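Let's take a walk through this protein together. Have the picture open while you read.

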Amino acid sequence: MSACPPYAPFFGFAGVASSPTFLAVGAAFGTSKAGIGIAGLGQFKPELIMKSLIPVVMSGIIAVYGLVVSVLIVGRLDPSQGYPLYSGFVHLGAGLACGSTGLAAGYAIGIIGDSCVRAYVRESKVFVAMVLILIFAEVLGLYGLIVALIMNTRASDAVCL
């Protein structure tokens with residue numbers, strides 16, 4: 001059991017804000033970096049553009065993870081009912097876990113997408129390898145989402161005096 005200081009919700013809301021913010025930065029970087037490669041590919045083989053949009057789509061999916069975590073945290077964050085400091089720190093950790101892994105996954109997807117799309121212009125066999133590597137990069141963000149969901153369930157264990 002712990003006391004409920006009035007500043008405890010700040011940490012919970014910081015987790016709510018950090019998750020989509022970091023994930024949006026990662027998704028934006030991944031989209032822009034992969035988009036540069038797709039634009040380069042379009043100059044030589046425009047018929048391959050639609051098939052090469054996979055990195056951009058995967059970057060956009062990462063941003064959804066941050067939205068899911070934020071909505072779940074906000075659903076449990078009710079300062080009027082008493083909000084323990086423990087819950088605030090757990091929610092902050094959940095937001096940072098999901099946000100930081102999404103940021104890393106977005107960077108990885110962008111760099112992989114750019115390089116592989118440029119290689120796809122010269123060799124079509126690269127496509128399957130590109131998709132597999134992109135899946136492994138996307139899973140990094142998924143791991144953060146899973147950790148954040150587990151942490152969010154633990155935040156309800158604390159109660160105020």
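Which residues of the largest nonpolar core touch the most other members? Keep in mind that you're looking at a predicted model. That core has 28 residues, and the ones touching the most other members are Leu 41, Val 69, Ile 73, Cys 98, Ile 109, Met 130 and Leu 134. Helix 1, helix 2, helix 3 and helix 4 each give two or more residues to this core, and helix 3 gives the most, with 9 residues.

If you skip its neighbours within four places in sequence, Cys 98 is in contact with Ser 19, Leu 23, Tyr 65, Gly 66, Val 69, Gly 144, Leu 145 and Ala 148.

Next, let's see how the helices pair up. Two packed helices are described by the angle between their axes and the distance between those axes. Helix 1 (residues 8–44) and helix 3 (residues 85–122) have axes that come within 7 Å and cross at roughly 5 degrees. An angle under 35 degrees counts as roughly parallel, so helix 1 is roughly parallel to helix 3. Their contact is made up of 23 nonpolar, 16 polar and 3 charged residues.

Helix 2 (residues 54–76) and helix 4 (residues 126–154) have axes 10 Å apart, at an angle of about 5 degrees. Helix 2 and helix 4 are therefore roughly parallel too. Here the contact has 19 nonpolar, 3 polar and 2 charged residues.

Finally, a look at the record: an unreviewed UniProt entry lists residues 20–41, 53–77, 89–114 and 126–151 as "transmembrane region". In the model, residues 20–41 are 100% helix, with end C-alpha atoms 31 Å apart. Residues 126–151 are 100% helix as well, and their end C-alpha atoms are 38 Å apart.

Terms used. Residues are numbered from 1 along each chain as its sequence is written. This is a predicted model: local features need pLDDT of at least 70, side-chain atom pairs count only at pLDDT 80 or more; totals for chains, interfaces and linings use all residues. Side-chain values use heavy atoms; hydrogens and water are left out. Axes are lines fitted to C-alpha atoms, for helices over the stretch in contact, and angles run from 0 to 180 degrees between N-to-C directions. Helices (H or I, at least four residues) and strands (E, at least two) are DSSP runs, numbered from the N terminus. Angles under 35 degrees count as roughly parallel, over 145 as roughly antiparallel, 65 to 115 as roughly perpendicular and the rest as oblique. Ala, Val, Leu, Ile, Met, Phe, Trp, Tyr, Cys and Pro count as nonpolar, Asp, Glu, Lys and Arg as charged, and the others, Gly among them, as polar. UniProt positions are given in the numbering used here, feature names are shortened, and annotations may be inferred rather than shown by experiment. A nonpolar core is a set of buried Ala, Val, Leu, Ile, Met, Phe, Trp, Tyr and Cys residues joined through side-chain atoms within 4.5 Å. Buried means under 20% relative accessible area, exposed over 50%, partly exposed in between (1.4 Å probe, protein chains only). Contact means heavy atoms within 4.5 Å.
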